[in-house]
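Here is a friendly walk through one protein model, from its sheet to a few of its side chains. Keep the 3D view open as you read.

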Amino acid sequence: MDAEEVVPRLVETIDGHRWEDLPDLLAPGFTSRLVHTDETFDRDAWVRLNADYPGFERMELEDLVADGGRAACRAHVTGVVEGRTAHFEVAMFVTVAEGVIQEMTEVWADLDGVAPEGTRPS
């Protein structure tokens, strides 16, 4: 499998809460870097992070650009935060080799942000 096949399978596995299947999509030496928190996780820690994340509900693939072993994608994520549905966007940059994800960089964003005053044309 190349990146164009692996990334949708990854998102479907997460969306389906099939945590026991997640390690099969990740290389033994897998790493994921979360840019917004400057954290890096290995395979087991990343699976636990996703499986144990409080309030997680859905992950839906919105866009995917792939070429062989590399892919960039964007997904919409919903969860419950303080009893209310919250929406997030994540951009993932993925390297695939031998049919599994070797490394990933994730960039997360809340959807309720407001542009700082004075940063948009009048």
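Let's start with the sheet. Six strands build an open sheet of mixed pairing, in the order S2-S1-S6-S5-S4-S3. Strand S2 (39–42) and strand S3 (56–67) are the edge strands, each pairing on one side only. From one strand to the next, the twist averages 20 degrees. Helices (H or I, at least four residues) and strands (E, at least two) are DSSP runs, numbered from the N terminus, and two strands pair if DSSP finds at least two bridges between them.

A word on the source: this is a predicted model, in which local features need pLDDT of at least 70 and side-chain atom pairs count only at pLDDT 80 or more, while totals for chains, interfaces and linings use all residues. Residues are numbered from 1 along each chain as its sequence is written, and side-chain values use heavy atoms, with hydrogens and water left out.

Within the sheet, strand S4 (residues 70–81) and strand S5 (residues 84–97) run antiparallel and are joined by 12 bridges. Val77, for example, has Phe88 in S5 as its bridge partner.

Now for the helices. Helix H1 (residues 3–15) lies across S3, S4, S5 and S6, and runs at about 175 degrees to S3. Helix H2 (residues 43–51) also packs on the sheet, where it touches strand S1 (26–34), S2 and S6; its direction makes about 60 degrees with that of S1. Here, contact means heavy atoms within 4.5 Å, and axes are lines fitted to C-alpha atoms, for helices over the stretch in contact, with angles from 0 to 180 degrees between N-to-C directions.

How many salt bridges does a search of the whole structure find? There are 5, a salt bridge being a side-chain nitrogen of Lys or Arg within 4 Å of a carboxyl oxygen of Asp or Glu.

| Salt bridge | Closest N to O distance |
|---|---|
| Arg18 and Asp21 | 3.2 Å |
| Arg33 and Asp38 | 3.7 Å |

For accessibility, buried means under 20% relative accessible area, exposed over 50%, and partly exposed in between (1.4 Å probe, protein chains only). Asp38 is exposed, at 58%, whereas Arg33 is partly exposed at 36%.

Next comes Glu106, in strand S6 (residues 100–110). Glu106 is buried yet has no salt bridge, and Arg33, the nearest side chain of opposite charge, is 11 Å away. For charge, Lys and Arg count as positive and Asp and Glu as negative; His and the chain ends are not counted.

What does the side chain of Glu106 make with the side chain of Ser32? The two make a polar contact at 2.7 Å, and the Glu106 side chain makes another with that of Trp46, at 2.7 Å. A polar contact is a pair of N or O atoms within 3.5 Å; within protein, one must be able to donate a hydrogen and the other to accept it, and residues adjacent in sequence count only if both atoms are side-chain atoms.

Finally, look at Thr95 in strand S5. Thr95 counts as buried, at 18% relative accessibility. Its side chain makes a polar contact with the side chain of Arg70 (2.4 Å).
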